[in-house]
Structures are given as structure tokens and as C-alpha cells.
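Colleague: Could you walk me through a few features of this one? I would like to start with the strands.

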Amino acid sequence: MIELPVEHFDGIPVVRTPVDIDAANATRVRDELSAHTSQHGFELVVDLSETRYLDSAGIDMIFRLSRRMRERRATLRLVISPESELGRLAEIVGIPSAIPVHDDVAQAIDAARRSRPSERVDP
Amino acid sequence: MSELQRLDTGPAGAPPAMSDANPPEQRLEDLERVTDSALAYLSLDDMLAELLDRVRSSLNADTAAVLLLDEDRGVLVARAAKGIEEEVRQGVQIPLGRGFAGRIAAERRPIILERVSKPEIVNPILEQTGIRSLLGVPLLVEGRVIGVLHAGTLVPRSFNEDDVRLLQLAADRAALAIDNARLSEQRAVTQAMQRTLLPEALPQVPGLRFSAKYLPAGSGVKIGGDWYDVFQLPDGRVAFVIGDVVGRGVVAASVMAEIRTGVRAYLVEGHDLGAVMSLLNELLVSIGRNRSATVAIFALDLESEELSAVSAGHLPALLLAPGEKSRFVAGAQAPPLGVCPGQGYSVQELRFPAGGVLLLYTDGLVERRGESIDLGLERLASAANAAAAAAEAAGANSLTFADHVYAGLVQHVALEDDVALLAIESVALGSRLELTLEAAPRVLVGLRRTLGRWLVRHGVRPQIRFDITVAVSEAAANAIEHAYGLRDAVFNVECQYSEAEVRVTVRDTGRWRESTRSDRGRGLMIMRELMGATEVRHDESGTAVTLVKRISEAS
């Protein structure tokens, strides 16, 4: 079992994904990301800046994770370097229109901090 | 000598005071009974039980027992008994040199006790059973004592020389059977260990061809400490490992198992090669079995052709690059593992170009007694160059590279030590690239890296490389899904480069199925978006997806 590196900023977990996410490891990556969503409530940042290849199995995994988190009023945020090949692929499959995408970790943390207080208000 | 009378079997031995032995005509029959070759077909336990019964009736004795020597602990342990079954049940242990059985083993000669008395006996069961007289002989294999066979009577008895001879015959028979059983058991353990320690099959990595040879020297009972390993790292690189633990036997093999597991675990955790080697060194030092081991670890990036290497006392690897003279690389810059605590290891960076061969081996392949190692290395280099030439001439058929090298070497000299040999061939990248891959998701990463390297070689721009690589990977994932549930399924990837375009066909032999996966449509969409033309054809023989990408700026 490979443990993905995770860092916490202000209690917000930032998980760094591997160079490749494809049919071979998408389930394993999903399980590790899910573990962080259950541990730490509302926000999860997935840092894809080291990921060079994301295939349809990986993309599907990210869409599903985002949907599941939204159902629990939680937010999945992605970090994808602007102008990277991965960013272009993300555009093609419509990731930015469904999931918040940030240029770097600092931006993602900022956005997560700002959105958190409102998330905490019980409806 | 108090009440105890001890008789030797030598000519000086006193004549028997009285004999309860069977009459002479029956002696021959008795002899046949204890040397009966039919006993050889029984299992060891059954054979010993039967033999002890026959010993009892032939000698007119009440008890008979076999004790085996545990050499490591220096004790005799009851293995089989008749008339004193309690001895085995309680697992009686007699220290070597002490008591009746202990002295027989230590002195390697028969001993007769006409009257059993306390100081002579350390085993209380003999006394509790009421044994009055005892005769015991050593179990010998090629002059080594492996145990003791003794017979006893509940009435006082003077055993004579014929009795001694008969019991010694039975003992020889038992010793042979026990030794054989131990050998075959050890052989089975050895083989089982070897199977778990060497990869059953080398993994399929696109763009690489592996071949290996492992040859234990000698009888094959003593397992060697040589091993090799190949596996994929989480970052997509491929690791090759070769190692040699000093010594042979089960301890060497278990140290090798620990190192092998350590290499995999530390590498998968993401440590760099130098750190992995330091961790292994600390591991081996801490195990403290006074074993040292040489290990060399390599990690190859299939796309950049960068090969990282680190060696702890291992002989240099041989690298054959196309159009260059073969050379030894990644020689040891640090001592073997398990020697110096706190030792650091530096990583060497090399290039392993397409069309090249990397040869990893253990010292048994090149070392000959009374000869300089340089001669052995020279011999290996010329065998490898000949193998490369032969591979080029013969194409993909015939012998593997490792077979070629090995055949070239042993035709001159016999092996004196175990040999492990692993050849890694990096397939040549021309304008055409053809890969046959196992239909399993784990091949995808290697496919992408190899395709990437092939495209770099043809000067294709990064953005187009990405498009082609991702699209082909999607097509391959489809092929793998089609083969789901089929045994040993493979699929083919054919890539053709020309000035104007790159054309890739991914062909599988599985059944087309309408996927229930929601990402199926997305996979096709990705292919269409990234490639100029995408054509999917399926018939009874399978599915073929052809992807075409225009690469010339003009079009």
C-alpha cells in the first residue's frame, strides 16, 4: 500500500497525487483520498501538480469523489499547474466547470479558508 | 567397577555370562529381517516403527528406541520407541556425552550395560520402565554420528557380540533411511525457498526484454544466496536488483529474503537508491547474523533512458550500447552490506539507450579459482558481445540473451559457485514500434513511457507527445477491458512514424462489450479530441482502434 504524501494547512489536508493515475491505481488513489475526506470534514485539496498522466479511469474517480463530497456539503479542490498538459486535458473533459481548480496550493488553501465558515453554518 | 559391567565389542570384551539369543540358524533370518530392502518403501516413521519391532523380536528384547542427534543443541532427542513409548511422548533429551545413549554418541561405539543402575542412566524413563540390561549402538552416516539405537530387556541379560553386530546392522539401515529422509526434506525446503525467492516470471515491461538464468552449483541441497529481482516503481520507473549473500544454506537464503523484501519495501516507499542502500545496510547490521551481502540496485526511467545505479560491494554491471564498445558500469564504490554501520552510498547516473543491453550477474559467473577476476570479466564481455551479435543475426527467435551469454561462458569452464544472471534488453526504436503486452492495467505506465521515449527520439513536440501518449493509453485501457476474464490475454500496439503523421493501432482479441463504466464514453472522447482521426473497428477476431496524429506544422 502506497501512502500518498499529505500535509495540513490550517487543518485542511493537501494530498499530493502520483505521477500517473490510471486504471492500474485509480481505485487505490481513490481509497486514500477518501480516507482524508472522512477524517477531516469539509475541505480536501488534491494537488495534481506532480501528476503527468491522468486517464479516463482517474478522471472518473475524481468526478465521483467530488460528487460524493458535495453530497456531504464538503468541497474537493484540485491544484493543476496552469498551461500544463494536464490542464489542457482537464479542460477537454470539463473538470473546471464541475470542480474548483487552482493554480497552486496557496490559492487552494486561501479559497478553502474563505469558504469554510459558511460551510460550517448549519442550514 | 562395582556392580556395573561394561563390555566393549573389541576382542578384549569379556565373554557373555549367559545368552538369551536365538539359535544360530535363526540368526540369518534375523539379519534379513532387519536389513529387508522392503523397509525402504515405508515412510520414515513407519520404517522406524517396523524396524524397532524386528529388532525386539530378533534380539528377544523388550524395548527398542532410536534417538537422533540435534547437532546445534548437542542433545539426543527420542525419535521412535517400542516398549518405552513414553520416551518419545515426553520428548526425552539426552546431552551428548552423558548417560548411556549420550556416551554411545560421543564415543561412537557400542556400549553394553548388563545391569542398569542410576549413575549410568540420566533418562528416568529407562529406570521407571524396569529395564535391567541395555545394548546400544551409534547411528553412523559416512562416519558422522546422527543418533543412537538401543535395545533393552526387563530381565538381566548379557548381550554378546552377535547381538551387537545384529543391532549395528539395524542401526546402519535406520541411519541410511533417516539420512535419505532428511536430504529429501531439505531438498524440498530448498526448492520451495528458491521458488519464493526468485521471481516466478519476470514482469512484462513495454520496451524491455528480460531473460535470466539461475544455476545452483553442486548437489542442489544447499540453497545459494544469489538472487535477482525486477519490479515497477510507483513513479513508473523499473527497478532491477541483483545480490549475493555470503555463504549457502537456509540462513543465507533467509538473509537474502530479508534483503529482497527490504529493497522492495524501501523503494516502494519512495526513498532514493542511496537511502535504500543505507537502510538495507542498517537492516543487515541490526539482524546481526554476521552475514554480509553484495547488492546492486538500478532504476530505469523508460522515457528519459536515465539509469540510476547504486552498488554495495557488487561486481560492475556490463552495459552494451549500440555502436559503442561494451563497458562495465556501476562498480562498487562502497563495501558490502552488513559490514560498516552508518555507511553511505552514492548514486551513479547513467544512460541506458534503446537497443542496449544491461547485464547483471553474480560472481560465480566470472570468478575462477586461481585466476584474476579481470580475466573473468574479459571473458564475460566477449561472451556478451557475441550474444549481441547473435541476437542481431538471429532476430527474436532462438535463445534468450541470458542463455547465449551463459552458453558462451560455460563452454570453457565448469561452475564452481552459484550463478545468477539477468539480462535486460532495451528494444531498438526505429520508425516502427511494435509491442505485445499483457492485458493488465499495470502495463499502461510502461506503455506510456516507452511511447514517450519513441516520440522523443523522433523529435515530436511535447504537446503532441502528450496527446498521442494519452490517447494510446486510453485505447490500451479499452483493449485491457475487452480481455477481462480471459486467461493470458495479450494485445498489440503498432506505431508507425513518418514525417507527416504518427499512426498507432491498438488491437485486441477480446470480445467487444458495451461497457457499463461511465468513463467509457469519456475515453473515446479523449481519443477523438486529442487525435486527428480515430477509427474503431470490431469483428469476431477482436477490436482494432487506429489513431492518427498529424505532426507536420504545415498541415
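**Strands, helices and a salt bridge**

Modeller: In chain B, strand β21 (residues 533–539) is joined by seven bridges to strand β22 (residues 542–550), and the two run antiparallel. Strands (E, at least two residues) and helices (H or I, at least four) are DSSP runs numbered from the N terminus, and two strands pair if DSSP finds at least two bridges between them. This is a predicted model, where local features need pLDDT of at least 70 and side-chain atom pairs count only at 80 or more, while totals for chains, interfaces and linings use all residues. Residues are numbered from 1 along each chain as written, chains are lettered from A and ligands numbered from 1 in written order, and side-chain values use heavy atoms, without hydrogens and water.

Colleague: What do β21(B) and β22(B) form?

Modeller: They form a hairpin with two residues between them, and D539(B) stands opposite G542(B) in β22(B).

Colleague: Switching to helices, at what angle do α3 of chain A and α12 of chain B pack?

Modeller: Helix α3(A) (residues 85–92) and helix α12(B) (residues 462–482) pack at about 50°, with axes 10 Å apart; axes are lines fitted to C-alpha atoms over the stretch in contact, and angles run from 0 to 180 degrees between N-to-C directions.

Colleague: Which residues of α3(A) make the contact?

Modeller: Those are E85(A), L86(A), R88(A) and L89(A), which meet residues of α12(B) including F466(B) and V470(B), where contact means heavy atoms within 4.5 Å.

Colleague: And how many salt bridges are there over all chains?

Modeller: The search finds 41, each a side-chain nitrogen of Lys or Arg within 4 Å of a carboxyl oxygen of Asp or Glu. One of them joins R448(B) and D20(A) at 2.7 Å, N to O.
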